[in-house]
Amino acid sequence: MSAGDVRLDGVVERVEAELFTDGGNDAVVRLPGRRFPGVLIQGDSLHILRSDLAEVSEACERGDLDEARDSAGLLLSGLDALLARYSAALDKHELPRPY
């Protein structure tokens with residue numbers, strides 16, 4: 001284990017994964033034993049996604065439908081971009097979509 005490795009629960013398993021895009025914040029990868037690739041979302045990006053959804057929920061609770069609609073629109077736009085990146089990676093490698 002190198003100095004840069006992080007142990008979360010005392011066990012780190014090294015596996016080879018197939019990388020279908022660059023290794024950015026939303027890399028498309030396929031892990032061993034999986035038929036389809038998935039999207040690797042970094043922890044900070046996952047936290048932002050959760051916070052964005054919480055804003056929609058909180059606006060709904062307050063009855064502020066305009067803010068909820070705006071926040072939901074931004075969230076949907078981000079997810080659409082992520083799905084487009086995933087779809088483009090599958091198309092580039094001639095893989096079917098799992099949906």
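Arg 85 has a relative accessibility of 23% and therefore counts as partly exposed. In this predicted model, the side chain of Arg 85 forms a salt bridge with that of Asp 26, with nitrogen and oxygen 2.9 Å apart. Arg 85 belongs to helix 2 (residues 65-92) and Asp 26 to strand 2 (residues 26-30), so this pair ties together parts of the chain that are 59 residues apart in sequence. Asp 26, at 24% relative accessibility, is likewise classed as partly exposed. The points below place this pair within the chain, and then turn to several individual residues.

**Overall architecture**

- The chain contains two helices and three strands.
- Read from the N terminus, these elements follow the order β-β-β-α-α.
- The radius of gyration is 17 Å, well over the 13 Å that the globule rule gives for 99 residues, so the chain is more spread out than a compact globule.
- The C-alpha trace spans about 50 × 40 × 20 Å along the principal axes of the chain.

**Surface, burial and contacts**

- Of the 99 residues in the chain, 19% count as buried; the cut-off for that class is a relative accessible area under 20%.
- The chain has an accessible surface of about 7500 Å², and carbon and sulfur atoms account for 54% of that surface.

**Charges and salt bridges**

- Side chains of opposite charge can pair when their charged atoms come close.
- How many salt bridges does a search of the whole structure find? The search finds six, one of which is the pair of Arg 85 and Asp 26 described above.
- Another salt bridge joins the side chains of Asp 66 and Arg 69, with an N to O distance of 3.0 Å.
- Both Asp 66 and Arg 69 lie in helix 2, where they are three residues apart, or about one turn of the helix.
- Both partners of this pair are exposed: Asp 66 has a relative accessible area of 52%, and Arg 69 has a relative accessibility of 55%.
- Asp 91 and Arg 97 form a further salt bridge, in which the closest N and O atoms are 3.1 Å apart.
- The members of this pair are partly exposed, Asp 91 with a relative accessible area of 43% and Arg 97 with a relative accessibility of 34%.
- Salt bridges that share partners also join Asp 22, Asp 26 and Arg 85 into one network.

- Is Ser 71 buried or exposed? Its relative accessible area is 11%, so Ser 71 is buried.
- Ser 71 is located in helix 2.
- Apart from neighbours within four places in sequence, Ser 71 is in contact with Glu 55 and Val 56.
- Ala 68 also lies in helix 2, and with a relative accessibility of 6% Ala 68 counts as buried.
- When neighbours within four places in sequence are set aside, Ala 68 is in contact with Val 56, Ala 59 and Cys 60.
- Ala 68 and Pro 37 are 31 residues apart along the chain, and a distance of 32 Å separates their C-alpha atoms.

**A residue of helix 1**

- Ser 45 lies in helix 1, which covers residues 43-62.
- The relative accessible area of Ser 45 is 22%, and this residue is therefore partly exposed.
- Ser 45 and Asp 26 are 19 residues apart in sequence, while their C-alpha atoms are 8.6 Å apart in space.

- Most residues other than glycine have a negative phi.
- Glu 94 is found in the segment after helix 2.
- With a relative accessible area of 72%, Glu 94 is exposed.

Technical notes
Residues are numbered from 1 along each chain as its sequence is written. This is a predicted model: local features need pLDDT of at least 70, side-chain atom pairs count only at pLDDT 80 or more; totals for chains, interfaces and linings use all residues. Side-chain values use heavy atoms; hydrogens and water are left out. Helices (H or I, at least four residues) and strands (E, at least two) are DSSP runs, numbered from the N terminus. The radius of gyration is taken over C-alpha atoms; the globule rule is 2.2 Å times the number of residues to the power 0.38. Buried means under 20% relative accessible area, exposed over 50%, partly exposed in between (1.4 Å probe, protein chains only). Accessible areas come from the Shrake-Rupley method with a 1.4 Å probe; for residues, only the protein chains shown count as cover. A salt bridge is a side-chain nitrogen of Lys or Arg within 4 Å of a carboxyl oxygen of Asp or Glu. Contact means heavy atoms within 4.5 Å.
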